[in-house]
Amino acid sequence: RPCRGALAHPRFPCCDLRFPYVLSLSADAEHFAVGLLVGTAGGEPFTGSMHRPLAQMATLQGDLDRAREHHEQALDVHTRMRSELWTAHSEFDLAEVLRARNGPDDPRRAAHLYARALHRCETLGMAALAARIHAVTAHDHAPRERPGGLTKRELEVAALVATGASN
């Protein structure tokens with residue numbers, strides 16, 4: 001279903017759809033394809049699995065489960081094509097959707113996909129995507145501030161006291 005109006009997903013604020021998007025495809029979604037995503041000035045050409053733009057549209061519509069399915073299919077197509085470039089993009093895209101969806105196993109899978117995509121980027125010299133991955137994952141490794149500067153144990157004791165527990 002086409003997007004209508006100015007839509008933007010909170011995790012992907014750079015995407016502002018002001019016009020209905022039309023997908024013009026030259027092959028079926030199971031194969032490498034060339035197509036045109038119309039909705040901006042002159043359309044945005046794309047190559048790779050058609051599941052990728054379908055996943056991007058599902059993400060913008062807020063359907064993260066459908067986006068995950070399409071990104072997984074795109075990753076499969078790109079892996080079977082042995083296209084390291086598109087596989088890196090698909091790993092990053094899927095990791096972003098998993099991070100936004102935040103299901104039970106999603107954070108672990110996302111971290112694994114970010115690491116694989118980053119390795120591919122470094123191998124292929126894909127500096128722009130590598131920088132995006134570093135920017136997204138940088139806070140994952142930063143030490144987290146604790147309220148009031150309390151230690152981990154002090155926070156545990158405070159939580160127990162708050163529930164009425166005592167020595």
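**Entry 1: the whole chain.** I started by reminding myself that this is a predicted model. I then looked up the secondary structure and found 6 helices and 5 strands in the protein chain. Next I wanted the order along the sequence, and I read off β-β-β-β-β-α-α-α-α-α-α. So much for the layout.

Entry 2: I checked how much of the chain is tucked away: 36% of its 167 residues count as buried. For the surface, I noted that the chain exposes about 10,100 Å².

**Entry 3: contacts across the chain.** I looked at contacts with a separation of 6 or more, and 40% of them come from residues 24 or more positions apart.

**Entry 4: zooming in on Arg109.** I found Arg109 in helix α4, which covers residues 106-124. Is Arg109 buried, exposed or partly exposed? I got a relative accessible area of 27% for Arg109. Buried would need under 20% and exposed over 50%, so Arg109 is partly exposed.

**Entry 5: who Arg109 meets.** Leaving out residues up to four places away in sequence, I listed Arg68, Glu72, Leu94 and Leu98 as the ones Arg109 touches. I picked two of these for another look. With Glu72, the side chain of Arg109 makes a polar contact of 2.9 Å. Leu94 sits 15 residues from Arg109 along the chain, and I noted 9.2 Å between their C-alpha atoms. Leu94 is still on the list of residues that Arg109 touches.

Terms used:
Residues numbered from 1 in each chain as written. Predicted model: local features only at pLDDT ≥ 70, side-chain atom pairs only at ≥ 80, totals over all residues. Heavy atoms only, no water. Helix = DSSP H or I, 4+ residues; strand = E, 2+ residues; numbered from the N terminus. Buried < 20%, exposed > 50% of the residue type's maximum accessible area, 1.4 Å probe, protein only. Contact = heavy atoms within 4.5 Å. Polar contact = N/O pair within 3.5 Å; in protein donor to acceptor, adjacent residues only side chain to side chain. Areas by Shrake-Rupley, 256 points an atom, 1.4 Å probe, with all protein chains shown as cover.
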